[in-house]
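Here's a quick walk through a ligand site and the protein around it. Have a look at the model first, then read on.

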Amino acid sequence: MNYYMAPMEGLTTYIFRNAFHQYYGGIDKYFTPFLCNRHMSSREKNDILPEHNSGMCTIPQILTNRAEDFLSLCQDLASYGYDTVNLNLGCPSGTVVAKGRGAGFLAYPDKLDAFLYEIFSRCPLSISIKTRIGMEQESEWDTLLSIYQKYPIAELIIHPRLQKEGYGGIPHVSAYKKAEEILSCPLCYNGDIISPATQEKTLTVLPGIKTIMIGRGLLKNPLLPSLLRLENTTAGDAVSTLKDFHDTILEGYLSIMSGDMNTLYKMKDLWTFLGQSFNGADKYLKAIRKARTVADYRLAANAVFRTCPYLPCQEE
Ligand SMILES: Cc1cc2nc3c(=O)[nH]c(=O)nc-3n(C[C@H](O)[C@H](O)[C@H](O)COP(=O)(O)O)c2cc1C
């Protein structure tokens, strides 16, 4: 099985990805959060710079519905040495969808087809796609599959939910199965893999899966790829490694962000996931959320590592 790290805006930055690669690894491809400007901002450039991604297979992701912008960004990315990019057709957020981008693009199959025709005929890079199965109903998937069938997609990552479902409800495994029957390109499954048990359950209904992308499960429990690969890990080591991983991310943000508050926002976002793996941590998690200085933040975070039992594979 191959495992990919899902792109997660604001969370899986190059600081996070490097720390992850250093302490955990077990990831075959890392996808960057989406780039959405025709010209990359300095933050976006830093995220994709080869020297910030060394030793990792990193795939930059693009969110746009304009072929010219996609092609222009690809030209830039090619100059940094990238040979593959990923197109985001899955983002469900209201503001993105309202502009007909991300999952919002799925509502306009003719426009999407014309866009794909343009980029696949003119882009010098390989193109993989990350997609949902439609906006409102599963029947939209048939039309989308007939479009995807026409292009040499390097890899199709399927998050088998509709836009209207956000990240809730149960993934539509039948839609993934249909893609396996119809498409000849490599496929990757994405959605709700949070433990070896959920992987096993998914593989029982979709035994053809060869690649899994993990997002929230990995943020909640960075050991997840190792556990899914059935590698041996012990709880004692797990907490000290997690603390080192956390401290590396904290130092990384402190070294690049202006003002401690920006670093604290980043770390607090991480704890919304990481905090779920600790028992009885509510008091300290509240202190983390309230921290206004790095010193207060460190006190609260260290208390979690020191005193709360780490139970990373609890099912929700
Ligand atoms: C906070 C957050 C940010 C995300 N940002 C992106 C993004 O930049 N690009 C993208 O394709 N998907 C993004 N996603 C979706 C994830 O990549 C993934 O598809 C989703 O979380 C489902 O996988 P999971 O169940 O393993 O978490 C984001 C999801 C969350 C919760």
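Start with K130: one of its polar side-chain atoms sits 2.9 Å from a ligand oxygen atom. That's a polar contact, meaning a pair of N or O atoms within 3.5 Å.

On its own the ligand has 620 Å² of accessible area (Shrake-Rupley method, 1.4 Å probe), and the protein covers 89% of that.

## About the model

Keep in mind that this is a predicted model: local features need pLDDT of at least 70, side-chain atom pairs count only at pLDDT 80 or more, and totals for chains, interfaces and linings use all residues. Residues are numbered from 1 along each chain as its sequence is written, and side-chain values use heavy atoms, leaving out hydrogens and water.

## Who's around the ligand

There are 18 residues around the ligand (a heavy atom within 4 Å), and P7, Q61, N190, D192 and R216 come nearest. By class, that shell holds eight nonpolar, six polar and four charged residues, with Gly counted as polar and Pro as nonpolar.

Where they touch (heavy atoms within 4.5 Å), domain 1 gives 18 residues and domain 2 gives 17.

Definitions and conventions. Polar contact = N/O pair within 3.5 Å; in protein donor to acceptor, adjacent residues only side chain to side chain.
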